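Good morning, everyone, and thank you for making the time. I would like to walk through one model with you slowly, so please have a look at it before I go on.

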Amino acid sequence: MKTTFNTQTIELNPSNDGYVATLDGKNIFIKIIRAENGKMELLIDDQRVVAYVSSDLAKRWVTIDGETIMLTKTSGAKQGVRHDHAGGLIAPMPGQVRSVNVKSGDDVKKGQTLLTMEAMKMEIKIQALMDGKIKSVLAAQGDTVEREQILIEMEN
Amino acid sequence: MFNKILIANRGEIAIRIMRACKELGIKTVAVYSDADANSQHVQFADEAFHLGDSAPKESYLNIDKLISAAMQTKSDAIHPGYGFLSENASFASAVDSAHLTFIGPSADSIRAMGDKAQSKILMKKAGVPTVPGFEGLESEKDFSKAAKEIGYPVLVKASAGGGGKGMRVVNEESELSEAIQAAKREALNSFGDERLLIEKYIANGHHIEIQVFGDKHGNLIHLFERECSVQRRHQKIIEESPSILLTPELRNKMGEAAVKAAKAVNYFNAGTIEFIFDPQHSTFYFLEMNTRLQVEHPVTELVTGIDLAQWQIRIAAGEKFPFTQTDFMQRGHAIECRIYAEDPSNGFLPSTGKLLQFIEPHAPGIRVDAGFAKGDEVTHFYDPLLAKLIVYAENRQSAIQKMQHALKDFIVHGVVTNIDYMQAVLAHEDFANGKISTRWVDTIMESNGLSFDMHKQSSALQIISAALADFVFVNQSQSVNQNETDPFSPWKKINNFRN
């Protein structure tokens with residue numbers, strides 16, 4: 001996936017055990033050691049990097065080694081991820097569907113886990129955002145899905 | 001001792017004072033404006049009282065509302081903090097008239113030191129060295145004559161002034177008339193009083209101030225100096241104690257002069273005598289007295305071990321100050337950096353917004369007095385001070401190193417801060433050598449010796465991290481509060497690592 005910050009374009013793709021970034025024609029290998037609350041501990045080409053990143057619409061605040069910079073995302077995927085695409089639940093990132101817990105016509109409660117997927121060695125639960133009925137299930141166990149692909153459609 | 005204290009202030013200083021109250025077993029009342037309804041000082045207090053509109057004159061500067069708040073909450077004392085009404089003699093009088101205790105000096109002391117020209121005359125009488133100059137002049141002819149006698153360069157400044165407003169440096173006679181007009185205009189706008197005084201301009205002057213402290217029983221001592229010469233737009237950003245410019249003899253002399261100055265106005269409670277120090281001649285002159293607790297008081301607390309905020313309260317309640325001058329010594333070295341939401345690359349203009357990230361450093365010898373936390377909004381209504389970062393170490397060199405690391409670990413996103421700027425100042429050889437005068441920041445900025453740009457060329461690591469974060473923290477792309485408003489968002493669960 002290609003993204004441009006200020007004037008620099010970076011392509012980032014998941015690889016076997018992490019990510020490959022392509023920047024200025026060079027490939028850089030990244031592993032995520034830990035990531036929470038806006039703090040990431042990374043191995044970038046085997047160099048340990050601690051990065052703090054916050055987002056506000058197109059703005060990105062990045063602090064590495066005490067130096068803070070503000071970047072503006074000028075192109076790439078849409079800002080943020082739509083939780084709800086005309087009643088549809090979408091994949092937050094590329095990955096594989098591990099389990100589908102509901103079928104078409106099921107009544108579900110807000111917060112109920114409808115589907116789990118795996119991406120970047122993490123388990124992601126796709127939960128109902130409201131009480132309602134499952135209109136259709138568009139993914140099956142084992143499917144490889146793309147970022148923003150619709151997984152489940154719901155109706156009130 | 002008091003049962004309940006109302007803190008007529010906001011931000012970090014309100015929290016600092018509330019801490020002292022709590023440690024002394026005293027209940028606390030916070031006051032707040034519309035903009036501060038959810039702020040940290042409100043959450044920290046035992047109770048909170050809404051004053052009104054966000055504009056300071058409808059809230060933190062409104063004497064009637066504050067007195068009424070204290071009565072309604074059955075508070076028995078008011079602590080003014082710094083800024084706002086802390087040096088307003090009418091406020092101190094109003095507090096007294098309402099049969100409440102003002103935690104600070106008497107209204108008379110505040111009044112006597114509040115007027116620059118008046119206080120200078122008082123100090124001359126008391127035998128405190130003052131900058132050669134004249135007060136009470138009116139015609140331009142008189143100013144011109146005075147300037148010649150003093151010798152250029154001279155400084156014209158507002159009698160009622162402070163904070164660098166209504167102040168002009170005049171290098172030669174041809175500039176004098178225009179400078180007087182400009183200073184008068186500014187003085188009238190800022191203080192409603194166009195009277196000016198004229199004095200010798202001390203080039204490369206350092207700002208060195210002495211903390212004094214006294215009780216209502218006539219005991220008064222000093223607590224050594226703070227070097228506060230790193231200033232931008234006449235406001236301090238880095239303070240330290242001790243100053244590397246002072247010898248033990250000079251320190252004693254300045255301490256004695258400060259005590260003399262404070263005694264001349266029958267001072268009690270915490271106060272600060274500001275001196276301008278001429279490093280060329282090792283001479284010092286009285287500048288003004290701040291009749292309140294200073295922003296930079298933690299520096300003194302760390303090197304002397306005294307809790308100034310607690311003692312302010314105890315003194316106000318009538319306790320005797322049990323220490324004498326010889327009980328105190330400066331031990332080690334303390335430095336304070338004021339973390340401001342401001343943009344050094346844009347004339348230090350305040351920066352507003354929501355704090356997307358706010359992580360304070362933690363390590364031995366580090367103190368953080370903060371008024372904000374992650375998720376808080378920094379508004380344009382008030383001073384953009386986010387926090388004070390203070391370090392303590394055995395000597396100056398170690399303290400500087402400690403500060404450099406502490407600044408690295410202070411993460412603020414959402415508003416531009418001066419953190420990178422202070423790193424550059426600390427790393428500069430002029431800072432290491434104690435050669436920073438009060439004009440240093442402005443001079444260096446003008447000559448572009450230090451340039452700062454938040455939009456500077458980005459490194460590969462920064463770009464990679466930003467791109468990666470879009471994958472990893474998908475949930476944060478709208479706002480930091482999304483988790484709270486939508487507890488069932490699937491994106492919230494994204495960090496559940498399996499290994």
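Before I come to one particular helix, let me say that a helix here is a DSSP run of type H or I with at least four residues, and that helices are numbered from the N terminus. Please also keep in mind that this is a predicted model, which scores ipTM 0.83 and pTM 0.81.

With that in hand, consider helix 10 of chain B, which is followed by B:Gly305, a residue whose phi is positive, near 85 degrees. Why can we call helix 10 of chain B largely enclosed by the rest of the structure? Because eight of its eight residues, 297-304, are buried; among them are B:His297, B:Pro298 and B:Glu301.

Let me now step back to the whole chain, where chain B is divided into domain 1 (4-103), domain 2 (132-200), domain 3 (206-446) and domain 4 (460-495). The centres of domain 1 and domain 3 of chain B, taken over C-alpha atoms, are separated by 23 Å, and 24 residues of domain 1 are in contact with 24 residues of domain 3. On the domain 1 side of that contact, helix 1 (11-23) and helix 2 (40-44) of chain B each supply at least two residues, with helix 1 giving the largest share, eight residues. By class, this side of domain 1 has eleven nonpolar, eight polar and five charged residues.

Finally, a word on confidence: chain B averages a pLDDT of 91, and 92% of its residues score at least 70. Over residues 475-499 of chain B, however, the pLDDT is below 50, although this stretch has 50 contacts in the model beyond near neighbours in sequence.

Terms used. Residues are numbered from 1 along each chain as its sequence is written. Chains are lettered from A and ligands numbered from 1 in the order in which they are written. This is a predicted model: local features need pLDDT of at least 70, side-chain atom pairs count only at pLDDT 80 or more; totals for chains, interfaces and linings use all residues. Domain bounds come from an automatic or database domain assignment. Two residues are in contact if their C-beta atoms, placed from the backbone, lie within 7 Å. Ala, Val, Leu, Ile, Met, Phe, Trp, Tyr, Cys and Pro count as nonpolar, Asp, Glu, Lys and Arg as charged, and the others, Gly among them, as polar. pLDDT is the predictor's confidence in each residue, from 0 to 100. A residue is buried if 20 or more other C-beta atoms lie within 10 Å of its own, exposed if 12 or fewer, and partly exposed in between; C-beta atoms are placed from the backbone.
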